[in-house]
Amino acid sequence: MDCVVTGGNVKVLAKAINSLSRIGDELYVEPQEEGLALRSVNSSRSAYACFLFAPLFFSRYTIPRGHTFRCKIAIKSVQAVFRSLATLEKTVEKCHIELDEQKNRLTFTLHCKHGLMKTHNLSFQDSESLQAVFDKDSYANVFRCNPRLLVDTVVHFPPSLEEVTVSVSDERMWFRNHVEEDADQSKAMLTELCLASEEFDHFGVKAHNGVTFCLKELRGLLVFAESTGLPISMYFDEPGRACTPPPPPPPDDFMNDDIDCYLIAMDTSIAPGPSGAGPPTPPLSDSLCSKPSAAANHRTRPHSEEEEDETADSGRPPNKKFCSLFFGSVLPASSQMTTQPVTSQQVLASDSEEDVQ
Amino acid sequence: MPLSTQSQADDEQYVLVASLDNARNLSNLLKAITFKDHAIFSATPNGLKVTVEESKCLQANAFIQAEIFQEFTIREDSVGFQVNLTVLLDCLSIFGGSTVPGVSTALRMCYRGYGYPLTLFLEEGGVVTVCKINTQEPEEPVDFEFCSTNVTNKVILQSESLKEAFSELDMTSEVLQITMSPSQPYFRLSTFGNSGNAHYDYPKDSDMMELFRCDKTQTNRYKMSLLKPSTKALALSCKVSVRTDSRGFLSLQYLVRNDDGQICFVEYFCCPDEEVEEE
């Protein structure tokens, strides 16, 4: 693999890596025909993010011939390459990424001003394929908005808050945190925000549902989205139902898509019955075990894994249903004006296999 | 100035009197070498040298020439003592270290000789503070025997680019490897950390490179923990000279401009790491 990123794109790459570092500790690298996929998953496999950089993002893009290559690297090591975002813009002229499969090394070379060259040789491990898998049903609820809206919304919640519940009606969306019943009342704070449908570019509700998900991962994506200023699309459905990727946006909106990025987070709300959204659950850290997922069939199965965890540990709260929240944002190219068709990454998730009783 | 009203008679008892209108011209420089509590002060008619050492492997020297001082009187050929550097710095910034332009702490440093404390008269805004710091027997600084005739490779770089490299160095690496060569990579800083290795290459024709004189390819490793304190001196400096001699000893010389634009020097000597290096 041999890729070169030039100019302002180096900073975009660095920001994407920083964003992924908020999800998981390892960076999964997979150069493909469609582009370079950088992915991350959290330790409980309940959140997944993927940045796909199309070949046009690079000034040179060559991938290994004849075989698929995948690896994972400690994300802190890659972050060390792009140490200071502020100086990146000013000093780095280009970034060269080269793969040495014999030595199991991925080399990042930054060509900087004044002739200075920074070379980082990072060792990687082979990895299993990391892809969230969804079935192709359509989402009940689809929203699109400026990232600023979500940033301004989440800022009201304390940074230490782990989970937030989003619920929708035809015209409104609520963001609310959950306060434990036995929490210290003098220190507890319940925050609820209501957003009107007018604040969104698109607000399509078919099912009045609510989902609870981990805020930390969303913040990671928002940092990236805000810096690029691109709209965020949000999809969710009923608990337990699968979610699908969006159809490619119409060509007049985005002529060239050099980056696609997706964040998939798992909902952890308790659903008393199949119809309504249940009250929010205890914090994510309590509810999910850190059992590593079986990678045997090359798919992350967040749903089934969570269910295994539930039955294994009787101390866990029962009746967790979940669905997947799927955040996507698409980046148009800056300079090129070729009419490349959008190559949307197929991201599929398996349907949860059984209903939790 | 209140300090200058001290009687002449008092002065005769001191073997060393050094005055500065702005104590920062001394304290800033001393901060660049404060990695140990104690420092050896050595004064000659040329000026003041302050030395700090670490395990006989690292030595830092700060030089303030006599001309920098508003008054520099020495009654012996050489005056030496050892003081607690941390305490000295605390005294020098006793008025809080304000950075308001035009306001500075004036200093009059007096030493009566062997067995006597170091006396500091500090004044700011009409308020005078007198500090007396106990002195100790000065240890003999290690002579690294680094002489310019033995220097094999020398480069002078603008500090700006080196500052960036040093701030990014992988601290999980135990050593910093410095390669200097008449051919590629010319001047290279390398680290070997947990995530892999990293190299910072400066070409000889870079506009950051003010002088490039390398005769022989040399690669030497130095303990990162020893070199880390030198980043303070680097931060203050505008230029740095990097020299290695035939034994692989490293000399880093930093050109520092003080508040009044005068030039002072800070120098670090470091022993190479004993382990055999591989290219």
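Analyst: Let's start with a term: a polar contact is a pair of N or O atoms within 3.5 Å, and within protein one of them must be able to donate a hydrogen while the other can accept it. Keep in mind that we're looking at a predicted model.

The side chain of Arg24(B) makes a polar contact with the side chain of Asp259(B), at 2.8 Å. Arg24(B) belongs to helix H2 of chain B, which covers residues 24-31. Is Arg24(B) buried, exposed or partly exposed? Its relative accessibility is 24%, and buried means under 20% while exposed means over 50%, so Arg24(B) counts as partly exposed.

Now for the part I'd like to zoom in on: the side of chain B that touches chain A. There, 16 residues of chain B are in contact with 14 residues of chain A. Together the two chains bury about 1400 Å², and 44% of that is on carbon and sulfur atoms. Which three residues of chain B supply more of its buried area than any other three? They are Glu164(B), Glu168(B) and Ser195(B), with 35% of the area that chain B buries against chain A.

What holds hands across the gap? Polar contacts turn up again here, with 9 residue pairs counted between chain B and chain A. There are also 2 salt bridges between these chains. In a salt bridge, the side chain of Glu168(B) meets that of Lys118(A), with N and O 3.1 Å apart.

Next, which pieces of chain B do the touching? Helix H4 (159-168) and strand S13 (196-202) each supply at least two residues of that side. S13(B) gives the largest share, 7 residues. Sorted by class, this side of chain B has 6 nonpolar, 6 polar and 4 charged residues.

Let's follow S13(B) across to the other chain. S13(B) pairs with strand S9 of chain A, residues 117-123, in the antiparallel sense over 6 bridges. To find a spot in that pairing, look for Asn121(A), which stands opposite Asn197(B).

Then there's H4(B), the helix on this side. H4(B) is mostly covered, with 7 of its 10 residues buried. Glu164(B) and Glu168(B) are among the buried ones, along with residues including Leu162(B), Ala165(B) and Phe166(B). Here's a handy rule for looking at helices: an α-helix has 3.6 residues a turn, so residues three or four places apart point the same way.

Finally, take a look at strand S10 of chain B, residues 151-158. Since 6 of its 8 residues are buried, S10(B) is largely enclosed by the rest of the structure. Which strands pair with S10(B)? One of them is strand S16 (residues 237-245) of chain B, antiparallel and joined by 7 bridges, where Asn153(B) stands opposite Thr244(B). Another is strand S14 (residues 209-214) of chain B, also antiparallel, with 5 bridges. In S14(B), Phe212(B) is the bridge partner of Val155(B).

For a bit of background on the chain across the way, chain A has 7 helices and 21 strands, and 55% of its 357 residues are buried.

How values were computed:
Residues numbered from 1 in each chain as written. Chains lettered and ligands numbered in written order. Predicted model: local features only at pLDDT ≥ 70, side-chain atom pairs only at ≥ 80, totals over all residues. Heavy atoms only, no water. Helix = DSSP H or I, 4+ residues; strand = E, 2+ residues; numbered from the N terminus. Buried < 20%, exposed > 50% of the residue type's maximum accessible area, 1.4 Å probe, protein only. Contact = heavy atoms within 4.5 Å. Buried area = accessible area lost by both parts, 1.4 Å probe. Salt bridge = Lys/Arg side-chain N within 4 Å of Asp/Glu carboxyl O. Nonpolar A, V, L, I, M, F, W, Y, C, P; charged D, E, K, R; others polar. Pairing = 2+ DSSP bridges.
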